[in-house]
Amino acid sequence: MEAKDILDRLVEKGWTLSAMESLTGGLFAASFTAIPGASQAFKGSLVTYCDEAKEQFGVKKETISAHGAISAECAEEMCLSAASLFQSDVSIAFTGNAGPSASEGKPVGLVYVAILVQDKISCYRLDLQGDRKEIRRRLIDFAFHALDEKLAEIA
């Protein structure tokens, strides 16, 4: 599964996509913007790498205080915020720890992906292995497959 497949499915449905990225640092957005005509469906992505940036774009300070930035709760708020800010039908958010060391007392490879498709949100917890580059790439690959599944569920 590749970004082009997701893009084609979104265009076919007449839907738009947005993202809020943390550990992926724009890698998800870059996968789409590399495709000519991506603007037919891809509205944009915010890279909210630090907690303050997450809060500036809609994640509640209380959420980060209570659960940490590396949490399902944070990923879901990031996802909802992206959908709201970009007015998109579909949104995705990534938060987690790509290493090289533990953060917030959470291990390297612990990541969360939230996907919103027309007001229905799903959140995934992954424990990925590898170095920083491998973790980020595996996360993006997972995201393409999960997005494809979610889009296929809605006729």
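Figure 1. Ile115 is buried, at a relative accessible area of 0%; buried means under 20% relative accessible area, exposed over 50%, and partly exposed in between, with a 1.4 Å probe and protein chains only. The model is predicted: local features need pLDDT of at least 70, side-chain atom pairs count only at pLDDT 80 or more, and totals for chains, interfaces and linings use all residues. Residues are numbered from 1 along each chain as its sequence is written, and side-chain values use heavy atoms, with hydrogens and water left out. Ile115 belongs to strand 4 (residues 110-117). Helices (H or I, at least four residues) and strands (E, at least two) are DSSP runs, numbered from the N terminus. Leaving aside neighbours within four places in sequence, the contacts of Ile115 include Cys79, Ser91, Ile92, Ile121, Tyr124, Ala146 and Leu147, where contact means heavy atoms within 4.5 Å. Lys120, Ser122 and Lys150 are also among the residues in contact with Ile115. Phe94 lies 21 residues from Ile115 along the chain, with 9.2 Å between the two C-alpha atoms.

**Figure 2. The whole chain, for orientation.** The protein chain contains 6 helices and 5 strands, in the sequence order α-β-α-β-α-α-α-β-β-β-α. Its C-alpha trace spans about 45 × 30 × 25 Å along the principal axes. Of the 155 residues, 50% are buried. Among contacts with a separation of 6 or more, 64% join residues 24 or more positions apart. The accessible surface comes to about 7300 Å², and carbon and sulfur atoms hold 49% of that area. These areas come from the Shrake-Rupley method with a 1.4 Å probe; for residues, only the protein chains shown count as cover.

**Figure 3. Lys4 and Asp8 in helix 1.** The side chains of Lys4 and Asp8 form a salt bridge, with an N to O distance of 2.7 Å. A salt bridge here is a side-chain nitrogen of Lys or Arg within 4 Å of a carboxyl oxygen of Asp or Glu. Why are Lys4 and Asp8 separated by about one helical turn? The two are 4 residues apart in helix 1 (residues 3-13). Lys4 is partly exposed at 40% relative accessibility, and Asp8 is partly exposed at 35%. Side chains of opposite charge can pair when their charged atoms come close.

**Figure 4. Glu12 and Ala41.** Glu12 is also found in helix 1. Its relative accessible area is 67%, so Glu12 counts as exposed. Ala41 is 29 residues from Glu12 in sequence, and their C-alpha atoms are 9.6 Å apart.

**Figure 5. Glu55 and Lys61, with the charge totals.** A salt bridge joins the side chains of Glu55 and Lys61 at 3.9 Å, N to O. Glu55 is partly exposed, with 26% relative accessible area, whereas Lys61 is exposed, with 54%. By this rule the count comes to 8 salt bridges. The chain has 16 positive and 22 negative side chains, and the centres of the two sets lie 2 Å apart. Lys and Arg count as positive and Asp and Glu as negative, with His and the chain ends not counted; each charge is placed at NZ of Lys, CZ of Arg, CG of Asp or CD of Glu.

**Figure 6. The loop between strand 3 and strand 4.** Glu104 is placed in this loop, as is Pro100, with strand 3 covering 90-96. The peptide bond joining Gly99 and Pro100 is cis, with omega about 20°. Glu104 is not a glycine, yet its phi is positive, about 55°. Most residues other than glycine have a negative phi, and most peptide bonds are trans. Glu104 also forms a salt bridge with Lys106, with the closest N and O atoms 3.6 Å apart. Glu104 is partly exposed at 38% relative accessibility, while Lys106 is buried at 18%.

Figure 7. Where is Gln87 placed? Gln87 lies in the loop between helix 5 (72-86) and strand 3. Gln87 has a positive phi, near 55°, and is a residue other than glycine. At 58% relative accessibility, Gln87 counts as exposed.
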